[in-house]
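Subject: Structure for your review

Dear colleague,

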Amino acid sequence: WGRLLRPLLDVPRRRLRATLEAAGLPWIDDPSNLDQRFARVRLRAALTAERSSALLAESAGHASDRRRREVETARLLATACQVDAAGFARLDANRLAAAGAEWRRRVLGRLSLVYGGATHVPGAAALRRLDDRLTAVGGGTLGGARFAILDTRTLLVCREVGRGRPEPVAACPGRLVWDNRFEVRFDGRVETLPEARLGPLGEDGWRAVAAVVAERGGTRIPVAARAALPCLRAGGRVVAVPHLDVFPDAMRGMVDARFRPPLPLAGWGFSLASCRSHTIS
């Protein structure tokens, strides 16, 4: 997945073309810019050259402001957020609180997209309510994501389990995107399992594997984040939980699950503060 950036919107087309000509480089004209079926093309043609230039300048100004907001949001995430490959994140609650309401709510909106599996940023009113709940009671949910202040310093963000819980899907050899957050790959051995299905671990699944995990030294994955982990069941029995390294001896490596949400946490200014691999091979 990638993000489309348009940093040259405020540069006139003739200047861009002249620069390319001087460098001996080709360019491509988008034919849709001349297609009268589109309202934007008809509107541009109806405007005078003076008005069109002013409109473009105004549009470029808006684009510049949007880039600035994205960069500031990314900078806050990069300094306050630790991303974990098991599908959850920890944030410095004090740093987030000090950032101010506007930037804090922008961060909460991005987090709800990535960890809730949604496709649209929640509205301003919903973000304000979540922000208020975090201050008042230390927790809340939004867009399928769960937010909980663990102590005075740490905000945990993970998938909400319950409402919107993904239905189990048949496990077949190949690749699938599960819960709009994980890329899961199965090899051919999964076909030997009766009624193999992929779904969330849940509390019942955790109880089934807790003793095995404890024998291996436990897990650093918080309780709230465990229930949403991808889990393979066969005949109603837990068979594999990749992020907990739970596999039958003969099936190790049969399933690989990677946290790869389709939408980025932030734009190009963001880098992972902490990310441990959970690929089992």
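Helix 5 has 16 residues and spans 21 Å from its first C-alpha to its last, close to the 22 Å expected at 1.5 Å a residue; the expected span is 1.5 Å times one less than the number of residues. The model is a predicted one, in which local features need pLDDT of at least 70 and side-chain atom pairs count only at pLDDT 80 or more, while totals for chains, interfaces and linings use all residues. Residues are numbered from 1 along each chain as its sequence is written, and side-chain values use heavy atoms, with hydrogens and water left out. Helices (H or I, at least four residues) and strands (E, at least two) are DSSP runs, numbered from the N terminus.

Twelve of the 16 residues of helix 5 are buried, so this helix is largely enclosed by the rest of the structure. Here buried means under 20% relative accessible area, exposed means over 50%, and partly exposed lies in between (1.4 Å probe, protein chains only). Among the buried residues of helix 5 are Trp103, Arg104, Leu108, Leu111 and Tyr115. Just after the helix, Gly117 adopts a positive phi of about 75 degrees.

The largest nonpolar core comprises 47 residues, and Tyr115, Phe147 and Leu232 have the most contacts inside it. Such a core is a set of buried Ala, Val, Leu, Ile, Met, Phe, Trp, Tyr and Cys residues joined through side-chain atoms within 4.5 Å. Helix 5 (residues 101-116) supplies the largest share of this core, six residues. A second, separate core has 15 residues, including Val213, Ile221, Cys231 and Leu244.

With neighbours within four places in sequence set aside, the residues in contact with Phe147 include Leu108, Leu111, Ser112, Leu130, Leu134, Leu155 and Val157. Contact is taken as heavy atoms within 4.5 Å.

Strand 9 (residues 197-200) pairs with strand 10 in the antiparallel sense over four bridges, and Gly199 stands opposite Cys231. Two strands are counted as paired if DSSP finds at least two bridges between them. Strand 10 also pairs in the antiparallel sense with strand 11 (residues 237-240), over three bridges, with Arg233 opposite Val238. Strands 10 and 11 form a hairpin with two residues between them, and Gly235 in the turn has a positive phi of about 60 degrees.

Three strands make up an open sheet in the order 7-8-12, with antiparallel pairing. Strand 7 (174-178) and strand 12 (255-259) stand at the edges with a single partner strand each, so one side of each is left without a neighbour in the sheet. From one strand to the next, the twist averages 20 degrees; axes are lines fitted to C-alpha atoms, for helices over the stretch in contact, and angles run from 0 to 180 degrees between N-to-C directions. Five bridges join strand 7 to strand 8 (residues 182-186), and Gly174 stands opposite Phe186.

**Salt bridges**

The count comes to 15 salt bridges, each defined as a side-chain nitrogen of Lys or Arg within 4 Å of a carboxyl oxygen of Asp or Glu. One of them joins the side chains of Asp179 and Arg159 at 2.9 Å, N to O. This pair links distant parts of the chain, 20 residues apart: Asp179 is in the loop between strand 7 and strand 8, and Arg159 is in strand 5 (residues 154-159). Asp179 is buried, at 13% relative accessible area, and Arg159 is buried at 7%.

Arg189 forms a salt bridge with Asp187, the closest N and O atoms being 2.7 Å apart. Arg189 is partly exposed at 29%, as is Asp187 at 25%. In a further salt bridge, the closest N and O atoms of Arg258 and Asp256 are 3.0 Å apart; Arg258 is partly exposed at 32%, whereas Asp256 is buried at 12%. Salt bridges that share partners also join Arg175, Glu183, Arg185 and Arg260 into one network.

Yours sincerely
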